[in-house]
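This report describes one protein structure for a reader who is new to the subject. Please keep the sequence and the structure in view while reading.

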Amino acid sequence: MKNVIIVLSILSTIFFLSACHDHDDDTLYEVTINIVKPSSGASVTKGVLMPIEVNFSRPDKTIHNVLIQILDSNNSVVETILDKHAHVTSTFTYNESAAYKPTTSGTFKLKATTTDDNKNQPNVKEITFTVN
């Protein structure tokens, strides 16, 4: 009985560890990214919380790694808003009403990126906004 429990435990562990990797990795990783908030060209106020909403869409297939960042005019990362392995089918939405509080004025980019399970095949969308 002890050996059966050990074997079942090992099989459960193998199944759990392989579950994330048993999907559509053999296909081209194409994801549509829609940045809803802020809108492209928006003007936001320094020191005021800014909403961010980004939709990732890949019908009937898995969305893997998602990354949302704020970049300055030199394309340097000012803040990482989200960096996670979403592992959801069809759509993933990040929607936070108080996602970012700009501390300096200037022109910035909101950059949304998603990559496949191996962090390859990046899909990228950027919009520019101004902080006054």
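Lys111 is found in strand 5. The structure shown is a predicted model. With a relative accessibility of 23%, Lys111 counts as partly exposed, because a residue counts as buried only under 20% and as exposed only over 50%.

Which residues does Lys111 touch, when those up to four places away in sequence are not counted? The residues in question are Leu67, Ile68, Gln69, Leu71, Val124, Lys125 and Glu126. One of them, Glu126, is also the bridge partner of Lys111 in strand 6. Asn75 is 36 residues from Lys111 in sequence, and the C-alpha atoms of Asn75 and Lys111 are 9.9 Å apart in space.

## Overall architecture

The protein contains one helix and six strands. Along the sequence, these elements follow the pattern α-β-β-β-β-β-β. Of the contacts between residues at least 6 apart in sequence, 65% join residues at least 24 apart.

Of the 132 residues in the protein, 33% are buried. The accessible surface comes to about 7,900 Å², and carbon and sulfur atoms account for 53% of that surface.

## How the strands pair

Strand 5 takes part in pairing with strand 3 and with strand 6. Strand 3 and strand 5 run antiparallel and are joined by seven bridges. Within this pairing, Ile70 has Leu110 in strand 5 as its bridge partner. Strand 5 and strand 6 also run antiparallel, and nine bridges join them. Here Lys109 stands opposite Thr128 in strand 6.

In which sense do strand 2 and strand 6 pair, parallel or antiparallel? Strand 2, which covers residues 43-44, pairs with strand 6 in the parallel sense, over two bridges. Val44 stands opposite Val131 in strand 6.

## The nonpolar core

In soluble globular proteins, nonpolar side chains tend to be buried together. In this model, the largest nonpolar core has 27 residues. The residues with the most contacts inside this core are Ile52, Val54, Phe56, Ile68, Ile70, Leu110 and Phe129. At least two core residues come from each of strand 1 (32-37), strand 3, strand 4, strand 5 and strand 6. Strand 3 gives the most, with eight residues.

Phe129 deserves a separate description. Phe129 is buried, with a relative accessible area of 0%. Leaving aside residues up to four places away in sequence, Phe129 touches Pro38, Ala42, Val44, Met50, Ile70, Tyr100, Gly106, Thr107, Phe108, Lys109 and Leu110.

## Two aromatic pairs

How many aromatic pairs does the count come to? Counting rings whose centres lie within 6.5 Å, the number of aromatic pairs is two. In the pair of Phe56 and Phe92, the ring centres are 6.0 Å apart and the planes meet at 50°, so the pair is tilted. Phe56 belongs to strand 3 (residues 50-71) and Phe92 to strand 4 (residues 77-100), so this pair ties together parts that are 36 residues apart in sequence. Phe56 counts as buried, at 1% relative accessibility, and Phe92 is buried with a relative accessible area of 13%.

The aromatic pair of Phe108 and Phe129 is stacked, with 6.0 Å from centre to centre and 25° between the planes. Phe108 lies in strand 5 (residues 106-115) and Phe129 in strand 6 (residues 123-131), so the pair ties together parts that are 21 residues apart in sequence. Phe108 counts as buried, at 5% relative accessibility.

## Confidence in the model

The mean pLDDT of the protein is 88, and 80% of its residues reach 70 or more.

Note on methods. Residues numbered from 1 in each chain as written. Heavy atoms only, no water. Phe/Tyr/Trp six-rings, centres within 6.5 Å; stacked < 30°, edge-to-face > 60°. Helix = DSSP H or I, 4+ residues; strand = E, 2+ residues; numbered from the N terminus. Buried < 20%, exposed > 50% of the residue type's maximum accessible area, 1.4 Å probe, protein only. Contact = heavy atoms within 4.5 Å. Core = buried A, V, L, I, M, F, W, Y, C linked by side-chain atoms within 4.5 Å. Pairing = 2+ DSSP bridges. pLDDT = per-residue confidence, 0-100. Areas by Shrake-Rupley, 256 points an atom, 1.4 Å probe, with all protein chains shown as cover.
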